[in-house]
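Reader: I would like to learn how to read a fold from its coordinates. Please take one feature at a time.

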Amino acid sequence: MLRIIGVFMILVLVITTACGTQSSGDGGNSEDFDQPQPDEHRTFTGYIAKLEDDRMLVTENKIEEEEANHEDLDDFGEKAGSAVYFSMDELDGSLIETLSVGDFIEVDHEAIAESYPGQSSALDVRHLDDD
């Protein structure tokens, strides 16, 4: 009887230990490993390529406004580099009025959806010198 209880205890220990581990290999869910934690600062630096009523397209490389329509994503990606559409719902109206296509900016933002161009919400925007 003690032998059965001992085997049972070992099994319980092995199962609870295995349930508490998480794999970071290809077979595991590693989606959150490289994501900043909620209190970390997320920023994106780039050029405003397009302004719409409630969002802006910011690209790593400066592109012409006509090129910002990105019908051909391969061509657009080569020219623009990283690109993110930022919702401007969280920004102050007076700040939005200062934004223009071609401005070099730094955007504080929420998590970026994995698409191309990416998608996120802007929390703050700062104009930078384009040297």
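Predicted model: local features only at pLDDT ≥ 70, side-chain atom pairs only at ≥ 80, totals over all residues.

Reader: How many helices and strands does the protein chain have, and in what order do the elements run?

Author: There are three helices and five strands in the protein chain. Read from the N terminus, the order is α-β-β-α-β-α-β-β.

Reader: In what order do the five strands close into a barrel?

Author: Strands of a sheet pair through backbone hydrogen bonds, either parallel or antiparallel. In this model the five strands close into a barrel in the order β1-β2-β3-β5-β4, with mixed pairing. From one strand to the next, the twist averages 60 degrees.

Reader: In which sense do β2 and β3 pair, and over how many bridges?

Author: Strand β2, residues 55-59, pairs with strand β3, residues 83-87, in the antiparallel sense over five bridges. Arginine 55 is opposite serine 87 in β3.

Reader: Take threonine 59 in strand β2. Is threonine 59 buried or exposed?

Author: Compare the relative accessible area with the cut-off for buried, which is under 20%. Threonine 59 counts as buried because its relative accessible area is 0%.

Reader: Which residues does threonine 59 contact, leaving aside its neighbours within four places in sequence?

Author: With those neighbours left aside, its contacts are Phe44, Gly46, Tyr47, Ala49, Phe76, Ala80, Ser82 and Ala83. Alanine 49 is 10 residues from threonine 59 in sequence, and their C-alpha atoms are 6.4 Å apart.

Reader: Which backbone oxygen does the side chain of threonine 59 reach?

Author: The side chain of threonine 59 reaches the backbone oxygen of asparagine 61, at 2.7 Å.

Reader: What share of the 131 residues of the protein chain counts as buried?

Author: The buried share is 28% of the 131 residues. The accessible surface of the protein chain comes to about 9,100 Å², and 49% of that surface belongs to carbon and sulfur atoms. Among contacts between residues at least 6 apart in sequence, 58% join residues at least 24 apart.

Key. Residues numbered from 1 in each chain as written. Heavy atoms only, no water. Pairing = 2+ DSSP bridges. Helix = DSSP H or I, 4+ residues; strand = E, 2+ residues; numbered from the N terminus. Axes fitted to C-alpha atoms, helices over the stretch in contact; angles between N-to-C directions. Buried < 20%, exposed > 50% of the residue type's maximum accessible area, 1.4 Å probe, protein only. Contact = heavy atoms within 4.5 Å. Polar contact = N/O pair within 3.5 Å; in protein donor to acceptor, adjacent residues only side chain to side chain. Areas by Shrake-Rupley, 256 points an atom, 1.4 Å probe, with all protein chains shown as cover.
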